[in-house]
Amino acid sequence: MNTFLGFVTVLVLFVLLAGPALVGLLHERRIDRQLRAAQRQKSSSRSTVPSTATWYAEGRRSKKLVSS
């Protein structure tokens, strides 16, 4: 019985000490996956759809050429 209590005590202490680190590691891995997915989405959409600033600048350039 004494050995079992010692084992349970060590196990509980390990969970208390390692638990927050493991939760933080899982949290950071999830954030890394989200950042990689956003980067892939950004790079794939950049080539097909121009941004609003690009569209506006192109419109301004064409109006200057027509009015000159």
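Met1, Phe4, Leu5, Phe7, Val8, Leu11, Val12, Leu13, Phe14, Val15 and Leu16 together form a nonpolar surface patch with about 1,200 Å² of accessible area. This is a predicted model, in which local features need pLDDT of at least 70, side-chain atom pairs count only at pLDDT 80 or more, and totals for chains, interfaces and linings use all residues. Residues are numbered from 1 along each chain as its sequence is written, and side-chain values use heavy atoms, without hydrogens and water.

**Fold**
- The protein has 2 helices and 0 strands (DSSP runs: H or I of at least four residues for helices, E of at least two for strands).
- Val15 lies in helix α1, residues 2–46, and Arg40 is also placed in helix α1.

**Exposure**
- Buried residues account for 1% of the 68 residues (buried is under 20% relative accessible area, exposed over 50%, partly exposed in between, with a 1.4 Å probe and protein chains only).
- Arg40 counts as exposed because its relative accessibility is 55%.
- The protein exposes about 6,600 Å², of which carbon and sulfur atoms supply 67%.

Definitions and conventions: Patches are made of residues with over 30% relative accessible area and no salt bridge: like charges are joined within 9 Å, nonpolar side chains (Val, Leu, Ile, Met, Phe, Trp, Tyr) within 5 Å. Accessible areas come from the Shrake-Rupley method with a 1.4 Å probe; for residues, only the protein chains shown count as cover. A salt bridge is a side-chain nitrogen of Lys or Arg within 4 Å of a carboxyl oxygen of Asp or Glu.
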